[in-house]
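Please keep the sequence and the 3D view at hand while reading.

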Amino acid sequence: MSDERETRLFMISPNSMLTPDQLVRTVHAMNKGVKVKETCYGCLVEGPKAVVLDVLAQLRKKYRNEVFSKPRAYLTSDPRRCRA
């Protein structure tokens, strides 16, 4: 994966009342121009590294102990990891 782009997993804590749909809508409302894919555990966010890290910072501010994140090695549409 390029150093310029990053794909991150955003996982919702089991103790949270937040839903994956709410999380995706929050990311979309930021208008950052990133690709967002809803999953059963939260969402995937892909875009320029600086923008994705900004999304991460805003989500941490809003959902401090409800959303966790880690980088993903594959792009969101990578055929090795996507059944779609």
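## Helix α2

Val52, Val55, Leu56 and Leu59 are the buried residues of α2, where buried means under 20% relative accessible area, exposed over 50% and partly exposed in between, with a 1.4 Å probe and protein chains only. Seen down the axis of α2, these buried residues fall within an arc of 100°, so they line one face of the helix; the arc is that of the directions from the helix axis to the C-beta atoms. The face of α2 turned away from its buried side carries Ala50 and Lys61, which are exposed. What covers the buried residues of α2 includes β1 (5-12), α1 (20-29), β3 (42-48) and β4 (67-72), contact being defined as heavy atoms within 4.5 Å.

Helix α2 spans residues 49-62, and its 14 residues reach 20 Å from the first C-alpha to the last, close to the 20 Å expected at 1.5 Å a residue. That expected span is 1.5 Å times one less than the number of residues in the helix. Helices (H or I, at least four residues) and strands (E, at least two) are DSSP runs, numbered from the N terminus.

## Basis of the model

The model is predicted, so local features need pLDDT of at least 70 and side-chain atom pairs count only at pLDDT 80 or more, while totals for chains, interfaces and linings use all residues. Residues are numbered from 1 along each chain as its sequence is written, and side-chain values use heavy atoms, with hydrogens and water left out.

## The sheet

An open sheet of 4 strands has the order β2-β3-β1-β4, with antiparallel pairing; two strands pair if DSSP finds at least two bridges between them. The edge strands are β2 (35-38) and β4, each of which pairs on one side only. From one strand to the next, the twist averages 20°. Helix α2 packs on this sheet, touching β1, β3 and β4, and its direction makes about 20° with that of β1; axes are lines fitted to C-alpha atoms, for helices over the stretch in contact, and angles run from 0 to 180 degrees between N-to-C directions.

Strands β1 and β3 run antiparallel and are joined by 7 bridges. Thr7 stands opposite Glu46 in β3, and the bridge partner of Leu9 in β3 is Leu44. Strands β2 and β3, also antiparallel, are joined by 4 bridges and form a hairpin with 3 residues between them. Here Lys35 stands opposite Glu46 in β3. Strand β3 is mostly covered, with 6 of its 7 residues buried.

## Helix α1

The buried residues of α1 are Pro20, Leu23, Val24, Thr26 and Val27. They cover an arc of only 155° around the axis, which puts them on the same side of α1. On the other side of α1, Arg25 and Ala29 are exposed. What covers the buried residues of α1 includes β1, β2, β3, α2 and β4. Just after α1, Asn31 takes a positive phi of about 55°.

Ser16 is found in the loop between β1 and α1, and it counts as buried because its relative accessibility is 13%. The side chain of Ser16 makes a polar contact with the side chain of Glu66 at 2.6 Å. A polar contact is a pair of N or O atoms within 3.5 Å; within protein, one must be able to donate a hydrogen and the other to accept it, and residues adjacent in sequence count only if both atoms are side-chain atoms.
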